[in-house]
Amino acid sequence: MSSLTNIRFAELAQEIACDVHSETQDDDNILKVQEISRTFVSDTITVPTKEMNAYALGASLGDDVYFEPSTAFLETHVAKITGKEAGLFLPTGTMSNQVAIRTHLQQPPYSVITDARAHIYRMEAGGAAFHSGANSIPIIPANEHHLTWEDIEPRIVSGTDVHVAPTRIIALENTLNGTIIPQDDVIEISKNARSRGIIMHLDGARIWHVAAETGLSMKDLCDPFESVSLCLSKGLGAPIGTILVGSTPFITKARWFRKLFGGGMRQTGYMAGCAAYALTYNFPMLPHVHALAKRMQQGLEELGVGILSPAETCMLFYDPSPIGVEYWEVVERAAQLPDPIKLNGSRLLMHIQTSPQAIEDFLELLRALKEEKAAAGWRPENAPPKKKTLFRDVYVKAVRPT
């Protein structure tokens, strides 16, 4: 076969070449960071700082499907602080939860008990059914805050009746909608589950917030569970990654399923470096984030705005209807501010790059909207009658009436 001419190869190389940088990229990035500081949509939007990037570039250059030193060190470290034997780095929290469920479950039929609001049940595209063939049993907590053993016990499926799918896993989430499960209840659920041979899994995407708020060690928080998924990109602000921890045999099998799911990655040293930086320098910022969320709630309550779920850690859910305002009005007016604010409904989430001024500006906007409604004749007695709020109603997206 004849080789390409130099001219043809140069043409081919030019077709393939890609430059993602624009002439205004530095200025665009500055504007993006400012936008992130005034966005209450999620904590996944945070970006690496120059300091994080500089630290991460010093990480090792291995291939994680074979062995990547910095990634292996991170896995071992997180396993150690959580009191587990081994850890596994995965790209996303969803993959981590689904790999954990698939690793635990051996032979169907089986079922997984979750909170009705849980990410595993509501926000992972039916992954437990698709990947593991598992039936989900969602439970609404009687106390309207967190699951207890009294909620769970009557819903456990057991026995040899061929019509049912026996319960094999209880999956808790902590925090859930920013709220903390009391550790005594976690321990009671775990003790009773283990006495029945039921596996405990924790979706600990924001478990770092629980440690920061309660002072409990990561080991204490994770001891009641056979496996724990810990996100590095939400509260901690790493650009990517979740660590799944458990026993050595469990992680060995989970590594196999990670590959099967398409999650085997190559040069992950940079990602591990970002995560290590986040653990060291961003975790200490979480109490400040919690203080911002509490300031937001205080300001809203002073205005007479309803609180659907309070700020126990980094987020709260609000209801503007008691001052005559609808979500879509807030979203549209916030986007029209000289320095816009981004939100998409009832959830207000603070993160390590949230600007305190953004909170004050948001409260001032609500104050202005309240005054406008009052000037137009709206009165509290005009508010629609209150209905009992179910957990699925806490997340309310802003939709402009057509």
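**View 1. The residue that follows helix H14.** Just after helix H14, Gly304 adopts a positive phi of about 90°. Helices (H or I, at least four residues) and strands (E, at least two) are DSSP runs, numbered from the N terminus. The model is predicted: local features need pLDDT of at least 70, side-chain atom pairs count only at pLDDT 80 or more, and totals for chains, interfaces and linings use all residues. Residues are numbered from 1 along each chain as its sequence is written, and side-chain values use heavy atoms, with hydrogens and water left out.

**View 2. Helix H14 and its surroundings.** Helix H14 spans residues 286-303 and has 18 residues. From its first C-alpha to its last it reaches 26 Å, close to the 26 Å expected at 1.5 Å a residue; the expected span is 1.5 Å times one less than the number of residues. Its buried residues (under 20% relative accessible area, 1.4 Å probe, protein chains only) include Leu286, His290, Met296 and Leu303. The buried residues of H14 pack against several elements, among them helix H13 (269-282), strand S9 (315-319) and helix H16 (356-375), where contact means heavy atoms within 4.5 Å.

**View 3. Strand S6 and its two faces.** Strand S6 (residues 227-231) is largely enclosed by the rest of the structure, because 5 of its 5 residues are buried. In a regular strand the side chains alternate between the two faces of the sheet. Ser227, Ser229 and Cys231 are buried on one side of S6, and Val228 and Leu230 on the other.

**View 4. The neighbours of strand S6.** Two strands pair if DSSP finds at least two bridges between them. Strand S5 (residues 199-203) pairs with S6 in the parallel sense over 3 bridges, and His201 has Ser227 of S6 as its bridge partner. Strand S7 (residues 242-246) runs antiparallel to S6 and is joined to it by 4 bridges; the bridge partner of Val228 in S7 is Val245.

Technical notes:
Buried < 20%, exposed > 50% of the residue type's maximum accessible area, 1.4 Å probe, protein only.
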